[in-house]
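Here are a few exercises to work through with the model open beside you. Try each task before reading its solution.

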Amino acid sequence: MRWIGGGDDGGRASRDEEEQMVVAKSREQGGKREGGRTPSRADRREQLLAVAAELFATQGYAGTTTRDIAEAAGILAGSIYHHFPSKEALLDEILRTFLTRLYDRFAGVERQGGDPREALSNLIKISFSCIHDTPHAVAVYQNESDNLAGEKGFAYVADYSLRIEQIWLRVMTAGQTSGLVRPDLDVKLAYLFIRDAVWSSVRWYRAKGPLQPDNVADQYLKLLYGGLG
C-alpha cells in the first residue's frame with residue numbers, strides 16, 4: 001500500500017539551515033515559546049505526536065501529509081525529520097503507545113481476579129476513560145487498523161487486538177460461570193456488542209462537554225446490567 005510512509009515533502013534542507021529557518025520563523029510569528037521558554041526537544045516531540053494524532057483522526061492517515069502536521073504545529077515541514085524519520089514513524093508511535101498502555105491496564109484488571117462483575121465493569125470504565133483521555137488515538141486505531149493488516153512493522157496492532165479480546169473473553173466467560181452472563185448467550189458475540197457500543201462513543205463523546213467518562217460508564221453499566229425496563 002503506497003500510503004504507508006510516503007515521503008510526501010520532497011528533499012530535506014540541511015540541519016543547520018533548517019534550524020536557522022525555524023528560529024527565524026519562530027521570531028516572526030512570536031508564538032513558539034511556551035511560558036517564556038523555548039520548547040524542549042521532548043516537548044516538541046509530544047506536540048508533534050498530538051498534532052499528528054488529531055489530523056490522522058480527522059483527515060485520515062492517507063489524507064495527511066507531513067507538511068500538514070508541520071503547519072498545524074507551527075514549524076517548517078523539514079523540521080519534523082529532526083524528531084521522526086517519517087510520517088509512518090509518527091503513526092507507529094501513536095498506535096504502539098496507545099495499545100501497550102491499554103493492554104497493560106486491561107491485563108492489570110485480569111490479574112486482580114475477584115468478582116467477574118467488578119472486573120467487567122472495570123474494563124468498561126477503563127475504555128471510557130481512554131476515550132476521554134486519548135480520543136484521537138482511539139479514532140486512529142479504529143480507522144486505520146484494518147488498513148495496516150499485513151503491513152511490515154505493524155503486525156503488533158493485530159497482535160494486541162487479539163490479546164485484548166482474549167482478556168475480555170476470559171472475564172466474560174468467568175461471568176457466565178458465575179451467573180453474571182446468561183448461559184444462553186454466545187460470549188464472543190456478546191463481547192462484540194459491548195466492544196462496538198463502547199468504543200464507537202468516541203464519535204460523539206466530547207472531553208470538554210457536560211459528560212464525564214465516569215458518568216458515561218455508569219449509565220452504560222446500568223443499561224448493560226439492568227436493561228431499559
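Rings of Phe, Tyr and Trp (its six-membered ring) count as a pair if their centres lie within 6.5 Å. Keep in mind that this is a predicted model.

**Exercise 1.** Which residues form one aromatic cluster?

*Solution.* Apply the ring rule, and Phe98, Tyr141 and Trp199 come out as one aromatic cluster.

**Exercise 2.** Work out how the rings of phenylalanine 56 and tyrosine 61 are arranged.

*Solution.* Start with the count: there are eight aromatic pairs by the ring rule. For phenylalanine 56 and tyrosine 61, the ring centres sit 5.0 Å apart and the planes make 65°. Planes over 60 degrees apart count as edge-to-face, so that's what this pair is. Both phenylalanine 56 and tyrosine 61 are buried.

Now try tryptophan 168 and tyrosine 191: centres 5.8 Å apart, planes at 50°, so the pair is tilted. It ties together distant parts of the chain, with tryptophan 168 in helix α7 and tyrosine 191 in helix α8, 23 residues apart. Tryptophan 168 and tyrosine 191 are both buried.

**Exercise 3.** Describe how helices α5 and α8 pack.

*Solution.* First, the geometry: the axes of α5 (residues 116–133) and α8 (residues 187–199) come within 10 Å and cross at roughly 30°. Angles under 35 degrees count as roughly parallel, so α5 and α8 are roughly parallel to each other. The crossing is right-handed. Next, the residues: Ile124, Ser127, Phe128, Cys130 and Ile131 of α5 meet Ile194, Val198 and Trp199 of α8. Sort them, and you get seven nonpolar, one polar and no charged.

Notes: Residues numbered from 1 in each chain as written. Predicted model: local features only at pLDDT ≥ 70, side-chain atom pairs only at ≥ 80, totals over all residues. Heavy atoms only, no water. Axes fitted to C-alpha atoms, helices over the stretch in contact; angles between N-to-C directions. Helix = DSSP H or I, 4+ residues; strand = E, 2+ residues; numbered from the N terminus. Parallel < 35°, antiparallel > 145°, perpendicular 65-115°, else oblique. Left-handed = near helix turned anticlockwise from the far one by under 90°. Contact = heavy atoms within 4.5 Å. Nonpolar A, V, L, I, M, F, W, Y, C, P; charged D, E, K, R; others polar. Phe/Tyr/Trp six-rings, centres within 6.5 Å; stacked < 30°, edge-to-face > 60°. Buried < 20%, exposed > 50% of the residue type's maximum accessible area, 1.4 Å probe, protein only.
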